[in-house]
Amino acid sequence: MSITMLQSTKKVFRKAMTSTLRDLTQSDLQSQSEAIVAKILALPAFKSCKTISCYLSMPTAEAQTTALILRILADGGMITSLIIIYTVYWGIFNAGKKLFVPSLTSNNGHMDFVRLYNEEDFRTLPAGLWGIPEPTVEWEKNKRQNVLDSSCEGLDLILLPGQQVSCQVYLHEVEGELMPGSGVAFDRSRSRLGHGKGYYDRFLSSYKGGANKEFEVALSLQQQLLDAGQVPVSEYDWKMDMIITPDDIITPECGHSEGV
């Protein structure tokens, strides 16, 4: 298939999937989101990770992450209290979870991942592109920590967007590190159709340029999962290591599916 024909086919798929996702009822979206979040919380990788990046979801058409974000921030908040209580006796108690979220800082397709500190911080974020909450440059008069800052030890887990950027997770598994990303559709051969904007592709490509190797797990609404071979791809497109939907886990072993 020529590049022109491939791009045209991808465009048709994106349009069809966008239409399908927009037709989802709020109750269906909510129930699928709850099932996906439950699976994330049950992942050993999630339980053990310390630094997480999670996408801030659009109001519709992708898995909703508000409950997950509040859970992560609550975990971080509890640990902050423990640090205050126990520092006197035990020194620095290095535990809890830090949350980083995507931030579109310019019109050139560049995306950063910046720190979200607590529930108040999350609740007061202004709405940005596609109705997605957009992190401010500063929090409490201090510049937000960036995941690429030298002060950040790196991401353990990243959960990224849905619909035109889909609901999926990339687990970056290096010494317990996890990293998630996004897509519009997936199939049972673990192929991925990106949203066409390239925000996450560019970030992941640059992140992959480091010493770490990502184990990529897609969290997909049931409607986003297609039969093997249906997602149009080229030799340069990358596959997920695992896909998780509300009902299935697609593993690397020949698209093996396990009901959950």
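**Overall make-up.** I counted 6 helices and 14 strands in the protein. Helices (H or I, at least four residues) and strands (E, at least two) are DSSP runs here, numbered from the N terminus. I note that this is a predicted model, where local features need pLDDT of at least 70, side-chain atom pairs count only at pLDDT 80 or more, and totals for chains, interfaces and linings use all residues. Residues are numbered from 1 along each chain as its sequence is written, and side-chain values use heavy atoms, with hydrogens and water left out.

**Burial and surface.** I looked up burial next. Of the 260 residues in the protein, 50% are buried. My cut-offs: buried is under 20% relative accessible area, exposed is over 50%, and partly exposed lies in between (1.4 Å probe, protein chains only). The accessible surface of the protein comes to about 13,000 Å². Carbon and sulfur atoms hold 55% of that surface. The areas come from the Shrake-Rupley method with a 1.4 Å probe; for residues, only the protein chains shown count as cover.

**Contacts along the chain.** I took contacts in the protein between residues at least 6 apart in sequence. Of these, 64% join residues at least 24 apart. Contact means heavy atoms within 4.5 Å.

I also checked one pair by C-alpha distance. Ile3 and Ser234 are 231 residues apart in sequence, yet their C-alpha atoms are 8.4 Å apart in space. Ile3 lies in helix H1 (residues 3-22). Is Ile3 buried or exposed? Its relative accessibility is 67%, so Ile3 counts as exposed.

**Salt bridges.** How many salt bridges does a search of the whole structure find? It finds 4. The test is a side-chain nitrogen of Lys or Arg within 4 Å of a carboxyl oxygen of Asp or Glu.

- Arg71 and Asp75 meet through their side chains at 3.7 Å, N to O. Both lie in helix H4 (residues 66-90), 4 residues apart, about one turn of the helix. Arg71 is partly exposed at 40%, whereas Asp75 is buried at 15%.
- Arg123 bridges to Glu119, with the closest N and O atoms 3.2 Å apart. Helix H5 (residues 119-123) holds both, again 4 residues apart, about one turn of the helix. Glu119 has 42% relative accessibility, so I list it as partly exposed.
- Arg188 bridges to Asp248, with the closest N and O atoms 3.6 Å apart. This pair links distant parts of the chain, 60 residues apart. Arg188 sits in the loop between strand E8 (185-187) and strand E9 (192-193), and Asp248 sits in strand E13 (residues 248-250). Arg188 is partly exposed at 24%, while Asp248 is buried at 11%.

**Cysteines.** I searched for disulfides and found 0. The cut-off is a pair of cysteine sulfur atoms within 2.5 Å. I then checked burial. Cys49 counts as buried because its relative accessibility is 1%. Cys152 is also buried, at 13%.

**Rings.** I searched the whole structure for aromatic pairs and got 0. Rings of Phe, Tyr and Trp (its six-membered ring) pair if their centres lie within 6.5 Å; planes under 30 degrees apart are stacked, over 60 edge-to-face, and the rest tilted.

What lies over the face of Phe46? Lys97 does, at 4.9 Å from the ring centre. A charge sits over a ring if NZ of Lys or CZ of Arg is within 6 Å of the ring centre and within 35 degrees of the ring normal.
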